Amino acid sequence: MDGSPPPVYVYGAEYVARCDALCKVPRRASMVHALLEAYSLLKHMRVVQPRPATMEEMAAFHTDAYLQHLQQVSEEGNEDHPDSAEFGLGYDCPASQGVFEYAAAIGGATLTAARCLAEKKCRVAINWAGGWHHAKKDEASGFCYLNDAVLGILELRRKFDRVLYADLDLHHGDGVEDAFSFTSKVMTVSLHKFAPGFFPGTGDVTEVGFGRGRYYSINVPLQDGIKNETYYQICEVVLKDVYAAFCPEAVVLQLGADTIAGDPMCAFNLTPEGIGKCLNYVLQWQLPTLILGGGGYHLANTARCWTYLTGVVLGKTLPSEIPDHEFFTEYGPDYVLEITPSCRPDRNEPQRIREILSCVKEPPYLGAVVKECRGTARKCRFPGWPFRLCCQLPSSSISGSAGLDRKFQMRLVSCACKVGPLSNCISRAHASSGFGGCGAVRPANGRVEVMESIGSRNKNHRWPLGGAVRCRPRDFMDAGSRRTSARISGPLWK
């Protein structure tokens, strides 16, 4: 670690006891904490005691009706309540006694971690018992009663304008994606298994969000047997482009361990080292980062994985031999931290991987995710220009150093996009009536192409670009919206 504050690790004895009671992963929280303690990692972190989330805090996402029903069946221990099926309570999510208190504990722990980040008490905050990404607004799903990841993102959004959610669990992060599918302020990225009959059945590459959130959901569907090298290459390519296009101010990472070799899901063939490389890639951005757990049903391997990843966060190389501690016998017969990949064949054909990445990287996908115009909104004063909003963008955000005869591709993602003055760019333009001054504007395939011809003019001179773009629906993506903010992408040089 550098000179930044130590990572926050959310832990409390009562909290871990609540998490241990979850029937799908009994004692997992204790095993993870005990192994972290055995490796003496706690002394390198700031341990923070969480508190349960209040009904009001949980209602920031979940409906009152769902929370009230969950509380009722939790108090009664009534697994056969006639209304439970309506709220997703049943086989995967049994309505056992105390489940509401468990959900509140999980939500409160993630909120505690998010607040530590928002208050700049740390740059990394960890809640390994969190990451329950399937729960919907009004129903439980896939072992998840409360979507603590959504609550954490909402808390971070109080401080940070743009939050990136990256989900590396075996299963599609459908609950988080659904929660933010209509907003451009949260981008969700999910790498997961996608196959007929595999839960939750969503997460194809064509699922990209809706309305203002269109193209702010990225899904990378994968098949069985993927190994560390291929997985990291895919993760790096996607996250590199996401970082450049979306410019997140904070990150939430869900690092479910059901992708690890030996997990009962018998799907991916990763090891902690592979996930660790992905984690390291995100950490080098040096952004406020909330790290959550998730799936992981081979309990010893899950503890191995999250302990190794904690070492990655701390910059510590951990000894191979598992230290003696309460759960030492669970790590036999080899009693080492490393996990050996299985002999499962990799079903991910290189051509299919290239097609998926091409779909993610090419327009109208990441190209539509662009920097928003930032600055003071004001009336434009250029004669004859029907602007409603102007703002100043630094030259580096669009043009770099000015030059001669460079072509900018600017992607307009709404039918009423307003773009204000730009530094180091081009002369006055109006996309609906042609280009005033030098150059040309041609709407085509969702793009406005502007040819810069600065000539002998001073390259530091500022010219405005834009206009109240009046476009035909077939020319521009998301043509039904009527936004008043400027959104540009570039530079994409030709």
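Q: How many residues does α8 have, and how far does it reach from its first C-alpha to its last?

A: Please note at the outset that this is a predicted model. Helix α8 has 19 residues and spans 26 Å between its first and last C-alpha, close to the 27 Å expected at 1.5 Å a residue.

Q: Which residues of α8 are buried?

A: A general idea comes first. An α-helix has 3.6 residues a turn, so residues three or four places apart point the same way. In α8 the buried residues are Y231, Y232, I234, C235, V238, L239, V242, A245 and F246.

Q: Why does I234 count as buried?

A: The relative accessibility of I234 is 2%, and buried means under 20%, so I234 counts as buried. This residue lies in α8, which covers residues 228-246.

Q: Which residues does I234 touch, apart from those up to four places away in sequence?

A: I234 touches L191, V220, L222, I226, I353 and L357.

Q: What follows α8 in the chain?

A: The helix is followed by C247, whose phi is positive, near 50 degrees.

Q: At what angle do α5 and α6 pack, and how far apart are their axes?

A: Two packed helices are described by the angle between their axes and the distance between the axes. Helix α5 (residues 99-118) packs against helix α6 (residues 148-157) at about 25 degrees, and their axes are 8 Å apart. That angle makes α5 roughly parallel to α6. The crossing of α5 past α6 is right-handed.

Q: Which residues make this contact of α5 with α6?

A: From α5 come I106, G107, T110, L111, A114, R115 and L117, while α6 supplies D148, L151, G152, E155 and L156.

Q: At what angle do α9 and α10 pack?

A: Helix α9 (residues 272-283) and helix α10 (residues 299-314) pack at an angle of about 35 degrees, with 9 Å between their axes. Their crossing is right-handed. On the α9 side, P272, E273, I275, G276, L279, N280 and L283 take part, and they meet C305, Y308, L309, V312 and V313 of α10. The residues of this contact divide into nine nonpolar, two polar and one charged.

Q: Where is the peptide bond cis, with omega near 0 degrees?

A: Most residues other than glycine have a negative phi, and most peptide bonds are trans. The bond from F199 to P200 is cis, with omega near 0 degrees, and P200 is placed in the loop between β5 and β6. Another cis bond joins G332 and P333, with omega about 5 degrees; P333 is in the loop between α10 and α11.

Q: Is Y215 buried or exposed?

A: Y215 counts as buried because its relative accessibility is 9%. Its phi is positive, about 75 degrees, although Y215 is not a glycine. Y215 is found in the loop between β5 and β6. Y335, in the loop between α10 and α11, also has a positive phi, near 60 degrees. At 29% relative accessibility, Y335 counts as partly exposed.

How values were computed. Residues numbered from 1 in each chain as written. Predicted model: local features only at pLDDT ≥ 70, side-chain atom pairs only at ≥ 80, totals over all residues. Heavy atoms only, no water. Helix = DSSP H or I, 4+ residues; strand = E, 2+ residues; numbered from the N terminus. Buried < 20%, exposed > 50% of the residue type's maximum accessible area, 1.4 Å probe, protein only. Contact = heavy atoms within 4.5 Å. Axes fitted to C-alpha atoms, helices over the stretch in contact; angles between N-to-C directions. Parallel < 35°, antiparallel > 145°, perpendicular 65-115°, else oblique. Left-handed = near helix turned anticlockwise from the far one by under 90°. Expected span 1.5 Å × (residues − 1). Nonpolar A, V, L, I, M, F, W, Y, C, P; charged D, E, K, R; others polar.
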